Amino acid sequence: MPQASTSHNVAFFRGQFVPENEACITVKTHAFLYGTSLFEGIRAYWVPEQQALSIFRGPEHFERLGSNANIFSMHLSYTVDELMAITTELLQRNAPTTDTYVRPTLFKDAEVIGPKLVGIPDSVSITSSPLGAYVDIDKGLSVCVSSWRRLSDNAIPPRAKAGGAYMNTALIKSEALNNGYDDAIVLTEDGNVSEGSAMNLFLVRNGKLITPAITENILEGITRATIITLAQQELGLEVEERKVNRTELYTADELFFCGTGAQVAPVTSVDKRPVGSGAIGSLSARLQSLYFDVVKNQVPRYQAWCHMVPITVPVV
Ligand code: PMP
């Protein structure tokens with residue numbers, strides 16, 4: 001019986017595939033010194049009946065990386081098609097047979113002192129690692145409103161996944177964990193709801209979905225866009241993208257996080273107040289189940305979102 005390989009020992013780094021332990025920057029590299037990197041997180045779901053990985057909405061992630069690079073005067077020197085081909089080859093070389101996380105990074109790659117973005121070359125790395133649930137998606141999360149504020153567009157633009165910006169995320173998540181919560185919701189400087197620590201969020205109120213608008217210092221999440229499409233097209237729900245007040249969190253019927261890592265994760269309490277009945281809501285549960293069918297290439301209407309990578313299991 002062929003054995004599944006779950007090793008992840010090849011990385012794409014500075015234009016070639018190398019053993020992962022050779023994909024190294026130094027402690028003097030600009031990206032390490034100043035957090036000058038942009039990254040993406042992409043999931044590739046293992047679909048056993050097809051012996052293939054389903055890269056979910058990979059092109060959208062690479063498009064986001066390329067357009068956000070422009071904010072930081074960085075340049076992605078590969079096309080989306082090239083990045084998809086590289087990711088496909090990376091997965092085929094590593095041949096995981098489990099749900100996998102793909103991490104592309106565009107980074108300032110020179111040993112230069114001085115925080116600036118111009119005149120420093122950019123490099124790309126792409127790695128893959130096994131990844132199960134990032135937050136519990138079954139139990140209903142207990143979250144708080146963070147005492148930290150979300151970064152703002154004219155400080156470190158949160159619509160880009162900038163490495164250094166994740167110090168903000170780390171403060172938000174760590175405070176929540178230290179205080180016994182699973183995660184946190186963060187507000188904008190002017191006190192409206194932005195998003196979760198590393199995920200977007202939706203409220204359900206009177207059968208309608210509500211989510212903070214893209215001008216609320218959120219990452220313009222690909223899962224958020226997916227949920228909007230599924231809610232409208234499959235469940236016929238109305239979706240409002242707008243400013244959300246903090247107290248709407250306490251009066252919602254349902255609440256859930258969504259993101260590549262978080263997937264669809266229902267939240268059942270905020271600041272010790274139950275959300276709705278305090279149990280996982282029915283629309284959250286339906287959207288979660290639909291989401292997993294879609295990402296695993298089970299729904300014909302959305303198969304274009306899944307780039308299937310057949311995995312040949314090495315015979316040992
Ligand atoms: N917000 C933040 C801050 C995140 O880090 C993430 C994870 N990438 C998300 C939202 C969700 O975005 P996506 O659905 O594109 O993964």
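Tutor: The structure holds 17 salt bridges, each being a side-chain nitrogen of Lys or Arg within 4 Å of a carboxyl oxygen of Asp or Glu. This is a predicted model, in which local features need pLDDT of at least 70 and side-chain atom pairs count only at pLDDT 80 or more, while totals for chains, interfaces and linings use all residues. Residues are numbered from 1 along each chain as its sequence is written, and side-chain values use heavy atoms, with hydrogens and water left out.

One of the salt bridges joins the side chains of Arg 93 and Glu 89, at 2.9 Å from N to O. These two residues are four apart in helix α3 (residues 80-94), which means that about one helical turn separates them.

The part to look at closely is the interface between the domains. The domain assignment of the chain, which is automatic or from a database, gives domain 1 (10-130) and domain 2 (141-295). Their C-alpha centres lie 26 Å apart. In contact (heavy atoms within 4.5 Å) are 18 residues of domain 1 and 22 residues of domain 2.

The size of an interface is often given as the accessible area lost when the parts come together. Here the two domains bury about 1700 Å² between them, 62% of it on carbon and sulfur atoms; this buried area uses a 1.4 Å probe and is summed over both parts. On the side of domain 1, Phe 39, Phe 56 and Arg 64 lose the most area to domain 2, together 34% of what that side buries.

Across this interface the rule finds zero salt bridges. By contrast, 10 residue pairs, both residues at pLDDT 80 or more, are in polar contact there. A polar contact is a pair of N or O atoms within 3.5 Å; within protein, one must be able to donate a hydrogen and the other to accept it, and residues adjacent in sequence count only if both atoms are side-chain atoms.

β3 (37-39), β4 (42-47), β5 (52-56) and α2 (58-69) each supply at least two residues; helices (H or I, at least four residues) and strands (E, at least two) are DSSP runs numbered from the N terminus. α2 gives the most, with four residues.
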